[in-house]
Amino acid sequence: MTNGGDEAVKQQVQQYWDGRAASYDGDSHHAIHGDEQRDAWLSILREWIGDGDPPRRILDVGCGTGVISLLLAEIGHDVTGVDLSTDMLERARAKARERDRSVEFRNGDAESISDPENAYDLVTARHLVWTLPNPLAALREWQRVVRPGGRIVLIEGHWDFDEAFDGYREIHDELPLYDGRPPGELVDVLEKHGLERVEYEPLMESVLWGEEPNYEQYVVAGDVPE
């Protein structure tokens, strides 16, 4: 597809998530509903990212309403959140103000990060790669902005539903990782495209999602070469 085609797809993705912004946090699969769910996510993030002592510079790509960004800030990290959807970002900024968390939220493209090389210790993203017309370009960008020896941590899934999501019916064929991927396949992609020591862990505990998940959920991470 041409770059112009990619931009048209991204515009539809942005419009879709702008339309979801008002209702997004109402779903326990997306946001945090209660202390037990919050503590479960904090435990996962501490295990895979660290506890904020010392603080790490983290870029949360496709941050949406800031769910993961704000949890990472609560642990003590220095977090920047980037998203295409301006309406999602408005929600994220409002939550940061309510919780007195210092997180920079800005509009941006996961496939073209505005930061210089080696600007971060880690990149995180949750349920993002399926929305990208060029996920390999995104992976190259994430490695570029993470320092050598840093880490990329992705929370992902594999759903493969019978029908395309509303808002994605016209564009899902243009998204190479639409439907997500089984963890072993995503491990192979990350290793093939430059990450080292890639590992994953299932995230199937119902407390994380507010109910029993109806598709495969997991966290996968790898190191940027020294």
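Good morning. I begin with helix H4, whose face turned away from its buried side carries the exposed residues Glu90, Arg97 and Glu98. Here exposed means over 50% relative accessible area and buried under 20%, with partly exposed in between, for a 1.4 Å probe and protein chains only. The model is predicted, so local features need pLDDT of at least 70 and side-chain atom pairs 80 or more, while totals for chains, interfaces and linings use all residues. Residues are numbered from 1 along each chain as its sequence is written, and side-chain values use heavy atoms, without hydrogens and water.

The buried residues of H4 are Met88, Leu89, Ala92, Lys95 and Ala96. Seen down the helix axis, they fall within an arc of 120 degrees, so they line one face of H4; the arc is taken from the directions from the axis to the C-beta atoms. Helices are DSSP runs of H or I with at least four residues, and strands are E runs of at least two, numbered from the N terminus. After H4 comes Asp100, with a positive phi near 55 degrees.

I turn now to the second largest pocket. A pocket is an open set of points on a 1 Å grid over the protein atoms alone, where a 1.4 Å probe fits, with protein on both sides within 12 Å along at least five of seven lines; lining residues have an atom within 4 Å of a point. Among the residues lining this second largest pocket are Asp25, Lys95 and Arg101. H3 gives the largest share of that lining, four residues, and H3 and H4 each supply at least two. Thank you.
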